[in-house]
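Thanks, everyone. I'll keep this short. Please have a look at the model first.

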Amino acid sequence: MALSKKIHDALNEQIAREFQAHFIYRAIAMDLYEKGYDGFAGWMDQHSKEEYGHAERIIHFLRENEARVTLPAVPKPQDTWPTVKGAVEAALQHEKKLTADIHGLHRLADEDGDLATVSMLDWFVSEQVEEEHVVNRLLKRIALAGDSPIGLVVIDNELKGGADAAAGSAGGE
Ligand code: MG
């Protein structure tokens, strides 16, 4: 079954938003790396790769459905954040927006009776629960550190260990 124009356009728009998320998290990673937070930067880089993977997943779906992929112009992301907490909060806000976008797309595909797109988007609905959860957990750790720079360094070291461990495993999206 060919995708409707409405669904095709909406999926192309979602590809743009996933690439935008990829860019934003990459920009946060670069900012935090420059400030010496290797662990936070590694965590954001990993998150950035996941967003790239999300865009690729939709591209693959469109290709499988003989639907043309139109690559977007990606807006220049903000390039510095005053605090680590602010940077991670920006990531959470963006994830919430992505969740709302995915839910909107899911409803659209549902109304269209497009079961293939609904099935593809089911994965994204679950993924967004996980995405918001991991960013929320990180914000809770940051809240425990309060205003203590040492606290942030401790979390940064924890994340650095996690990033090293993840790099050694097969990893996922
Ligand atoms: Mg995503």
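Let's start with a pocket. Three helices, H3 (84-111), H4 (115-145) and H5 (149-168), each give at least two residues to the lining of the second largest pocket. This is a predicted model, by the way. The volume of that pocket is about 210 Å³. Its lining has 15 residues, and closest to the centre are Thr83, Val84, Lys85, Gly146 and Leu152.

Now the metal. Which protein residues are the donors of the magnesium ion? They are Glu18 through OE, Glu51 through OE, and His54 through ND1. Their distances to the ion run from 2.0 to 2.2 Å. Along the sequence, the spacing of these donor residues reads E-x32-E-x2-H. Glu18 sits in helix H1 and His54 in helix H2 (residues 38-64), so this pair ties together parts 36 residues apart in sequence. Buried or exposed, then, for Glu18 and His54? Both are buried.

Last, helix H1 itself. It covers residues 5-34, which is 30 residues.

To recap: a pocket lined in part by H3, H4 and H5, and a magnesium ion with donors Glu18, Glu51 and His54. Questions, please.

Notes:
Residues numbered from 1 in each chain as written. Predicted model: local features only at pLDDT ≥ 70, side-chain atom pairs only at ≥ 80, totals over all residues. Heavy atoms only, no water. Helix = DSSP H or I, 4+ residues; strand = E, 2+ residues; numbered from the N terminus. Expected span 1.5 Å × (residues − 1). Donors = N, O, S within 2.8 Å, 3.2 Å for Na, K, Ca; no water. Buried < 20%, exposed > 50% of the residue type's maximum accessible area, 1.4 Å probe, protein only. 1 Å grid on protein atoms, 1.4 Å probe; cavity = no way out; pocket = protein on both sides within 12 Å on 5 of 7 lines; lining within 4 Å. Points joined across faces, edges and corners; volume = space filled by probe spheres on them.
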